[in-house]
Amino acid sequence: MASQLKPERVGREPGRVQRFATAHQPPGPFRRSFWRSPVRGPWLTAVFGSVLLVGIIVMFLTGLLSYAAYNPDLPENDLTSDKGLLGFYLFPWPTDPVWLYRFTQGLHVLMGLALIPVLLAKLWSVIPKLFDWPPAVSPAQALERLSLLLLVGGAVFQFVTGVANIQLWYVFPGNFYSLHFYGAWVFMAAFVVHVVLRLGRMVSALRSRSLRQELRTDTAATQPEPPDPDDLVSPAPAAATISRRGVIGLVGAGSLTLVLLSFGQSIGGPLRRLALLAPRGQVIGDGPNDFQVNKTAAEAGVTAAQASSGWRLELGGGPAPQLLSRDDLLAMPQHTARLPIACVEGWSTPNQAWTGVRLRDLAGLSGVPEPATVLVESLQEGGAFSVTSLRRNQILDPDSLLALRVNGAELSLDHGFPARVIVPANPGVHNTKWVKLMTFKA
Amino acid sequence: MRRLLRWYGSDPLHLIAMIACFALAAYAGLKLLSGDLVGILVWFIGAAIIHDLLLFPLYAVADRSAQAVLRRRSATPPQVPWVNYVRVPALLSGLLLLVWFPLIFRLVGPYRATTGLSQEPYLGRWLAVTAFFFIVSAFAFAFRLRRERAARA
């Protein structure tokens, strides 16, 4: 089984090059005696590894779902248009339950935050391996080290781009969606191979010490692990200043701290105040329009003048385009739906009471009662998501609205006055604000 | 064939796994690099080394300094080692800073335009959370000291 094999152990005596290299180790971290921690070893590495195994799988699946939620096969929706085979799994995003995207994306971001201390602990735990000397004793080991470059580089790349994006710090070298999607696949290629090759070793390391015993072992009783074939255990460990349960407790406390100070922005309501350091942890007020705004009218370049009484909604796609004023829309049968707003950044609002015209009524009015898609255009000129598409199931859902009012009051300009789309389970940016044109296609 | 595998240094499954990994990584990697090639490479390789060559030296040196102070301050080992009562709040608040520093230091240009909110509160909140961690840790240390003294009495 590949998982039981270490490249340098299979069928080789140390060659001349390897003996020379071992006799001439560079100073500092390349010498094993540099690493003094008495708690570093295969067991802690395996503990952190097993948590990451589960967590990274959840991250990958929720991440894939997020891309699917954007319905990238529809016009204008795909921000990673050269995805090729990597989009093999895509499927029409449902509208039921209404909190679906809220859940998958909230889980993605919160799990990501929770894993940061675990990832850091794992990197701490295996850092002596970066300075393995000689760098490679065989082509197999060289390839494995290259795959580890992709693993570590990919993991940190994903976490850094993700954390920068959720606080709107767009310093990365390109469009977030492309970087994060392709980066995920590069990382997962290395992750799968890493798991395949190391799973056996992880399981045997976990079995080598009892978790219950370690949880009862205090600092004074902490002993180093026996020497391991991976050279993680220090040959000359210092006295323990923290126990293994202390290290696990510290990492757990880190995850708990990050999650407790962030989850409020995904739940909303009074708990939002708890999210002290999260980007959407500030409560605006308790008025009908005082839920979180994504992109103010000022940023979108939409003026009050454009949204005033001269505004018309254009309905296209049928035999003749129609122009409707806001009063025309208010005269049509109104429906109220309780729907949240959920963003790719992981925050969301609780259900708001949106009142407006059903999208399927607008489809019927435009002359396309059985639409396959609708192209929705905003007053916002250009920029991301100024034009998006919705799918048939989203148009025909009875709770999908062109909202004119929210929570019993007029929509504010920042929330999309005079009219915005709101569709259950839809990513926030596809609930287009300041709608000016809807073109239905059969 | 056997000579090839001996030269390779591992079994055929290992080689197949490596080839599969690099094939998928190359397919996705080419798409990743189709934008700002140099920028993305710098970010990716930087990501691979930033913990081991930047973050680790920083916290390892800080930790060893703290331990050195512990050893120097008392000829005999102290009744209760205080290093963990400094480590835990320092690492927790350092972790929060590491994750949220763009907001804490108000580096996010588009923040107000996008959210309508201000970045102003974040520095104060982080300092308050840090103070809270250290105060709780100080109380925990004081209780531990009292318990040790009571046990010896």
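Predicted model: local features only at pLDDT ≥ 70, side-chain atom pairs only at ≥ 80, totals over all residues.
## The interface between chains A and B

Chain A gives 84 residues to the contact, and chain B gives 69 residues. Interface size is often stated as the accessible area that is lost when the parts come together. Here the two chains bury about 6,500 Å² between them. Carbon and sulfur atoms carry 75% of that area. On the side of chain A, the residues that lose the most area to chain B are A:Q167, A:L277 and A:Q282. Together they make up 12% of what that side buries.

Polar contacts cross the interface, with 19 residue pairs counted between chain A and chain B, both residues at pLDDT 80 or more.

## What chain A brings to the contact

Four elements of chain A each give two or more residues to the side that touches chain B: α3 (100-126), α4 (139-166), α5 (176-208) and α7 (244-260). The largest share comes from α4(A), with 17 residues. By residue class, the side of chain A that touches chain B divides into 55 nonpolar, 19 polar and 10 charged.

## A buried histidine in chain B

B:H14 sits in helix α2 (residues 12-32) of chain B. Its relative accessible area is 1%, which is under the 20% cut-off, so B:H14 counts as buried. The side chain of B:H14 makes a polar contact with the side chain of A:E144, at 2.6 Å.

## Aromatic pairs

Over all chains, the count comes to 28 aromatic pairs. One of them joins A:F176 and A:Y177. Their ring centres are 5.8 Å apart and their planes stand at 65°, so this pair is edge-to-face. A:F176 is buried, at 11% relative accessible area. A:Y177 has 21% relative accessibility and counts as partly exposed.

A:F291 and A:W354 also form an edge-to-face pair, 5.6 Å centre to centre with 80° between the planes. A:F291 lies in the loop between α8 (264-267) and α9 (297-300) of chain A, while A:W354 lies in strand β4 (residues 352-358) of chain A. The pair therefore ties together parts that are 63 residues apart in sequence. Both A:F291 and A:W354 are buried.

## A ring cluster with members from both chains

Ring pairs also link residues into a cluster. From chain A, its members are A:F30, A:F34, A:W35, A:F131 and A:W133. From chain B, they are B:F56 and B:Y59.

Technical notes: Residues numbered from 1 in each chain as written. Chains lettered and ligands numbered in written order. Heavy atoms only, no water. Contact = heavy atoms within 4.5 Å. Buried area = accessible area lost by both parts, 1.4 Å probe. Polar contact = N/O pair within 3.5 Å; in protein donor to acceptor, adjacent residues only side chain to side chain. Nonpolar A, V, L, I, M, F, W, Y, C, P; charged D, E, K, R; others polar. Buried < 20%, exposed > 50% of the residue type's maximum accessible area, 1.4 Å probe, protein only. Phe/Tyr/Trp six-rings, centres within 6.5 Å; stacked < 30°, edge-to-face > 60°.
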